[in-house]
Amino acid sequence: CKAVRRGASRALLSCDVPFGPVQEGVDSALRAAIRLVKEGGADMVKVDAAAEFPEAVEALTRAGIPGFAQFGPTPQTAMKYGIPYSSQNSSAALATAEAAAKLVEEAKMLEDAGAVALDFTNSGPVAGAAVVKAVKIPVIGGFGGGPWLDGRVRLVHTAIGYGEKWLDSKTDTYGNTAKLALDAFTALIADARAGNQIKG
């Protein structure tokens, strides 16, 4: 959080409360949030699985700390929605009116708790659009998000295909940095073993 704060000049900085303080209780969550603001320079604090811990969002609100509340299917919460976790399974499962209604209820609860924005994971077009319509605060998301939300989060290393899992992936990305790096290292090693002049 501190490192990003040093590099950010205009961006709104949100830092996640790490796993543990929220699960330990309101006092612990509040101490962690205060530390992220005071020491880390966070403008707002994200509470993961906030629908399970609305009292943590309320505590942040009372303390004057803007809370960014995450909800929706995650590896830890998917079974609550009766689905095995994957972004594909989650988005498909949330296409039912019943699932959308449950998530609208959670979104309203988090808005009432004082959240300034929602991070809706694996929303899909049905539940995502229903939640956006139901609340007055911004709703953004990553996996399963799309134009039906107010905004998107995309991890840079996912967008550019950085990491071993992207070597043979068929997922559409803006580039395949992993493949490019592998090809470059393979050529470098081949030149070194052959005694050729090394580039760069």
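Me: How many salt bridges does the count come to by this rule?

Reply: The count comes to seven salt bridges, where a salt bridge is a side-chain nitrogen of Lys or Arg within 4 Å of a carboxyl oxygen of Asp or Glu. This is a predicted model, in which local features need pLDDT of at least 70 and side-chain atom pairs count only at pLDDT 80 or more, while totals for chains, interfaces and linings use all residues. Residues are numbered from 1 along each chain as its sequence is written, and side-chain values use heavy atoms, with hydrogens and water left out.

Me: What makes the meeting of aspartate 48 and lysine 46 a salt bridge?

Reply: The N to O distance between the side chains of aspartate 48 and lysine 46 is 3.2 Å, and the rule asks for a nitrogen within 4 Å of the oxygen, so the pair is called a salt bridge. Side chains of opposite charge can pair when their charged atoms come close.

Me: Why is lysine 46 called buried?

Reply: Lysine 46, which has its place in strand S2 (residues 44-47), has a relative accessible area of 11%; buried means under 20%, exposed over 50%, and partly exposed in between (1.4 Å probe, protein chains only), so lysine 46 counts as buried. Aspartate 48, with 33%, is therefore partly exposed.

Me: What joins the side chains of lysine 46 and aspartate 119?

Reply: A polar contact of 3.2 Å joins the side chains of lysine 46 and aspartate 119; the term stands for a pair of N or O atoms within 3.5 Å, where within protein one must be able to donate a hydrogen and the other to accept it, and residues adjacent in sequence count only if both atoms are side-chain atoms.

Me: How do you know that aspartate 183 is partly exposed?

Reply: Its relative accessibility is 38%, a value between the limits for buried and exposed, so aspartate 183 counts as partly exposed. Aspartate 183 and lysine 179 meet in a salt bridge (3.0 Å, N to O), and both lie in helix H9, four residues apart, about one turn of the helix. Elsewhere, salt bridges that share partners join Asp16, Lys46, Asp48 and Asp119 into one network.

Me: Why is glutamate 106 called buried, while lysine 102 is called partly exposed?

Reply: Glutamate 106 has 7% relative accessibility and therefore counts as buried, whereas lysine 102 has 37% and so is partly exposed. Lysine 102 forms a salt bridge with glutamate 106, the closest N and O atoms being 4.0 Å apart.

Technical notes
Helices (H or I, at least four residues) and strands (E, at least two) are DSSP runs, numbered from the N terminus.
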